[in-house]
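Subject: Structure for you to look over

Hi,

Here is the structure I promised. Please open it alongside this email; my notes follow below.

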Amino acid sequence: MNFKELNFTAEVLEGLDAMRFEKATPVQEKTMPHIIAGEDLIACAQTGTGKTAAFLLPILDKLVRTGHQGTNTLIIVPTRELAIQIDQQLAGFSYFLDVSSTAIYGGNDKDEWNRQKTALTSGADIVVTTPGRLIQHLTMGYVKFDQIQHLILDEADRMLDMGFYEDIMQVVGFLPKQRQTLLFSATMPPKIRELAKEILNNPAEVTLSISKPAEGILQAAYVVYDTQKIPLINSLLKDKDLPSIIIFSSTKSNVKEITKSLVTNGFNAKSIHSDLEQAEREEVLREFKNRNIQILVATDIIARGIDIEKIDLVINFDVPRDAEDYVHRIGRTARAQTQGVALTFINEKEKLEFHKIEQLIEKVVYKVPLPPDFEDGPVYDPEEIIARRKKGKNKYGNKRNFKKKSGDQTKSE
Ligand code: AMP
């Protein structure tokens with residue numbers, strides 16, 4: 001579908017032209033007609049599909065047509081990084097438009113708080129925010145939300161995972177009942193349905209192939225012992241001329257250790273994790289986006305939602321515990337129809353988890369043999385483990401202990 005078919009105003013089409021968007025992506029094609037028609041909407045779509053533009057463009061178009069009357073649109077997102085990114089995309093689209101927007105999030109100084117206060121008091125047209133910081137402003141009494149016509153919840157499943165249900169309901173209490181509400185989520189667990197029932201009105205529903213990595217991603221995996229993981233990274237990256245690489249790990253301690261080893265071996269690597277101040281995180285992300293850093297080592301803090309273009313390689317240092325996180329992590333590469341490679345390191349304990357991921361994505365990922373100078377890694381035999389478990393025996397032939405496995409990793413964000 002061509003954007004012209006949606007009868008967008010000349011100004012919005014000009015913005016699209018400047019961003020070099022020619023054809024609508026499937027999520028845009030399916031959701032935009034509902035949004036333009038003013039319907040409430042539940043959209044099941046993952047990052048990398050173009051969902052941000054899907055909700056921004058119809059709203060910008062309406063704003064151009066109707067003019068300003070205070071804050072018109074509230075976009076609630078789980079993380080600061082995503083808030084900043086959406087605000088940046090807004091700035092790109094609205095370059096030719098008379099539309100103002102602001103990003104509201106915590107972790108900053110008094111000047112920033114005052115800037116946010118001014119934006120909320122003067123009624124920026126579009127407010128992109130994390131729930132916690134917005135509530136801090138709302139309770140001060142100066143926020144003007146009586147003209148809100150659109151509420152958008154982006155990455156709603158992530159927000160509920162992060163415990164924001166009550167916060168979202170509190171914010172909704174400050175908004176006019178008569179409004180259009182759009183809920184975007186990568187997954188649709190029952191709690192999302194509950195939230196939708198509470199705050200949406202007779203919504204249209206759009207589902208786009210859930211949990212499937214983009215077509216252009218070449219996926220492969222190495223089955224390794226933990227002690228082989230860091231040497232393998234160094235070996236794989238040696239003499240490779242790849243400008244942009246992300247390495248994900250679930251734990252802060254791994255992230256630090258990997259970065260240390262890479263730097264010691266002469267790589268241009270930096271890390272991003274929740275121990276860093278917000279300003280430091282933004283700086284690292286900026287440097288990486290500007291290609292001043294070749295390798296970014298990160299916890300899942302940036303796995304979802306963050307749009308970094310043209311990542312050549314994503315390495316999963318460990319198998320993500322949540323299969324959805326796998327899709328999000330590898331979604332950093334091959335964005336919007338480009339090519340990319342995603343490699344995952346699987347240790348003995350992670351075989352079953354990885355098998356579940358393969359089932360979810362309906363694809364058997366190729367297991368690459370270790371380089372010749374490495375000792376053999378473990379055998380990849382998840383089916384055998386499952387069969388053994390079904391018989392009630394563990395790998396030593398003993399009766400299986402049915403106690404729930406406690407995670408041996410601490411998720412950092
Ligand atoms: P998102 O899923 O919103 O994070 O978008 C993923 C990436 O696709 C972003 O870099 C967008 O700028 C890009 N994108 C979104 N829609 C289009 C489109 N219609 N044509 C080209 N690129 C797009």
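Where is the place of E22? E22 sits in the loop between α1 (10–18) and α2 (26–36). Keep in mind that this is a predicted model. E22 is exposed, because its relative accessible area is 65%, and the cut-off for exposed is over 50%.

Next, the aromatic residues. The whole structure holds six aromatic pairs. One of them is F55 with F184: the ring centres are 5.2 Å apart and the planes meet at 55°, so this pair is tilted. It links distant parts of the chain, with F55 in helix α3 (residues 51–66) and F184 in strand β6 (residues 180–185), 129 residues apart. Both F55 and F184 are buried.

Y95 and F96 also pair. Their ring centres are 5.2 Å apart, but their planes stand at 85°, so this pair is edge-to-face. Y95 is exposed at 64% relative accessibility. F96 is partly exposed, with a relative accessible area of 37%. Elsewhere, Y222, F317 and F345 make up one aromatic cluster.

Now the salt bridges. A search of the whole structure gives 16.

- E112 and R115: their side chains meet at 2.7 Å, N to O. Both residues lie in helix α5 (residues 110–122), three residues apart, which is about one turn of the helix. E112 is buried, with a relative accessible area of 16%. R115 is partly exposed at 35%.
- E205 and R193: this salt bridge spans 3.1 Å, N to O. E205 belongs to strand β7 (residues 204–207) and R193 to helix α9 (residues 190–199), so the pair ties together parts that are 12 residues apart in sequence. E205 is partly exposed, with a relative accessible area of 47%. R193 is partly exposed too, at 36%.
- D275 and K252: the side chains meet at 3.3 Å, N to O. This pair links distant parts of the chain: D275 is in the loop between β10 (269–272) and α12 (278–289), K252 in helix α11 (residues 252–264), 23 residues apart. D275 counts as partly exposed at 45% relative accessibility. K252 counts as partly exposed at 26%.
- K51, D154 and E155: salt bridges that share partners join these residues into one network.

Best wishes

Key: Residues are numbered from 1 along each chain as its sequence is written. This is a predicted model: local features need pLDDT of at least 70, side-chain atom pairs count only at pLDDT 80 or more; totals for chains, interfaces and linings use all residues. Side-chain values use heavy atoms; hydrogens and water are left out. Helices (H or I, at least four residues) and strands (E, at least two) are DSSP runs, numbered from the N terminus. Buried means under 20% relative accessible area, exposed over 50%, partly exposed in between (1.4 Å probe, protein chains only). Rings of Phe, Tyr and Trp (its six-membered ring) pair if their centres lie within 6.5 Å; planes under 30 degrees apart count as stacked, over 60 as edge-to-face and the rest as tilted. A salt bridge is a side-chain nitrogen of Lys or Arg within 4 Å of a carboxyl oxygen of Asp or Glu.
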